[in-house]
Amino acid sequence: MNERILLAGPAFGGDLTWPHEESHQAESWQVQLAATGTAALAALEQSAFDAVVVDAAISEVDARRLLLLAAERHPQSEIFLCADVSPHSSEAPPVGERWQLLAKPISGPLLARALKRAFSFRAWLPSRAARELLHTVNILPSPPATYLKVLRALESPDSSLDTVGQIIGQDPAMTAKLLQLANSAAFGLQQQVADPATAVMFLGIETTKALILLAHTFSYFEKLHPAEFSLELLWNHSLLTAHAARQLAREENLRGEATAPYYTSGLLHDLGKLIYAANLPVKFSLALRMARDYQQPLWQIEKNLLGASHAEIGAALLAIWGLPTDIVESVAFHHEPARSEKPGFTPVAAVHVANALVHETSADTQGLAISSLDLEYLKARGWENRVEIWRRVIS
């Protein structure tokens, strides 16, 4: 589509070699380099860009100011910050920003994958309103530094579970949360887990990454006390839905790490509720009351009252965070699975079913109308006779 890309800062001064598998598409991109902040500002004045990538070490203009200006002038642009996320770096971005973070050192393959992925979301991300809402909220977590360090370690051929455990162990709050979760009844481990490396061994890399994200996000919002809304109930529902989605995946003959996206999607499917509770507490409380009073699905009330559902705004945030496409799609469509055209028992299908069935059996749904299964979708996929089996599997 001949996307226009601005690369600003010293990280892009040398030759940036695109990987072979991306070279054909990269050749269609129109890439403009700006060595300094002044040059980047001039470029933003002259042209609109589909993506703006800024090095945190850019000179003459503060990187954050440049990114905010790019987002303000070109709200449809994909915005990236390249920064050093090592423990003592001064480049780590502040919490609460609306751009995707790329950890240094940046390479052609990493940048190409990030750009290609960001552009792909434009074809299906369900609501422009959700993306626009994210530009107006003030309280928004960035992915935790621990998560980014784990990702970086996993890219190294020398990484091990011990390495990942050591990274997590540097964050006492995250260590405590991970061990609490690993030793909870939800995971059914046969022995007590006392250190992060052992937790990672039992839980698996993908589950660990998802738990880091969820624990960080809930910790970021834990001081909130929004009316009509319980963080504790949402936390428990997220864990139950993740566990149920993984059980359903296994029932449909998926094994090992193949079930990881199902679990992660279940954990993060209601993330948008936190964003609304933190940033639009009055309107979100009204949406909750209306959903209770009229016994209508909350996500439909949100669309009418707020402009986008919690599923859509949660997916938009996860897209900025750089999570895999199948997870973003699962969160976006967990109330509207027919909007996904992918065949088979995908994470979208699993999270939709898991969420609905968990709500059916939940001891407390906060008085909301129970999320219902999309029976037309299940029938179209030939799964209407599987529902009772799935109920027994997760009961």
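1. The protein chain folds into 20 helices and 5 strands, where helices (H or I, at least four residues) and strands (E, at least two) are DSSP runs numbered from the N terminus. This is a predicted model, in which local features need pLDDT of at least 70 and side-chain atom pairs count only at pLDDT 80 or more, while totals for chains, interfaces and linings use all residues. Residues are numbered from 1 along each chain as its sequence is written, and side-chain values use heavy atoms, with hydrogens and water left out.

2. The 5 strands form an open sheet with parallel pairing in the order E2-E1-E3-E4-E5, two strands being paired if DSSP finds at least two bridges between them. Strand E2 (30-34) and strand E5 (100-103) are the edge strands, each pairing on one side only. Strand E4 (residues 78-83) pairs with E5 over 4 bridges, and Cys 82 stands opposite Leu 102 in E5. Helix H3 (residues 63-73) packs on the sheet, touching strand E1 (4-8), strand E3 (51-55) and E4, and its direction makes about 170° with that of E4; contact here means heavy atoms within 4.5 Å, and angles run from 0 to 180 degrees between N-to-C directions of axes fitted to C-alpha atoms, for helices over the stretch in contact.

3. The largest nonpolar core has 91 residues, and those with the most contacts inside it are Leu 66, Leu 267 and Leu 323; such a core is a set of buried Ala, Val, Leu, Ile, Met, Phe, Trp, Tyr and Cys residues joined through side-chain atoms within 4.5 Å. Buried means under 20% relative accessible area, exposed over 50%, and partly exposed in between (1.4 Å probe, protein chains only). Helix H10 (residues 205-221) gives the most to this core, with 9 residues. A second, separate core of 21 residues includes Ala 349, Ala 350, Tyr 377 and Val 387.

4. The count of salt bridges comes to 11, each being a side-chain nitrogen of Lys or Arg within 4 Å of a carboxyl oxygen of Asp or Glu. Arg 73 and Glu 45 form one of them, with the closest N and O atoms 2.8 Å apart, and this pair links helix H3 to helix H2 (residues 37-46) across 28 residues. Arg 73 counts as partly exposed at 36% relative accessibility, whereas Glu 45 counts as exposed at 55%.

5. Arg 339 and Glu 336 meet in a salt bridge at 3.5 Å, N to O, and both belong to a network of salt bridges that also links Lys 303 and Glu 312. Glu 336 is buried, with a relative accessible area of 16%, while Arg 339 is partly exposed at 38%.
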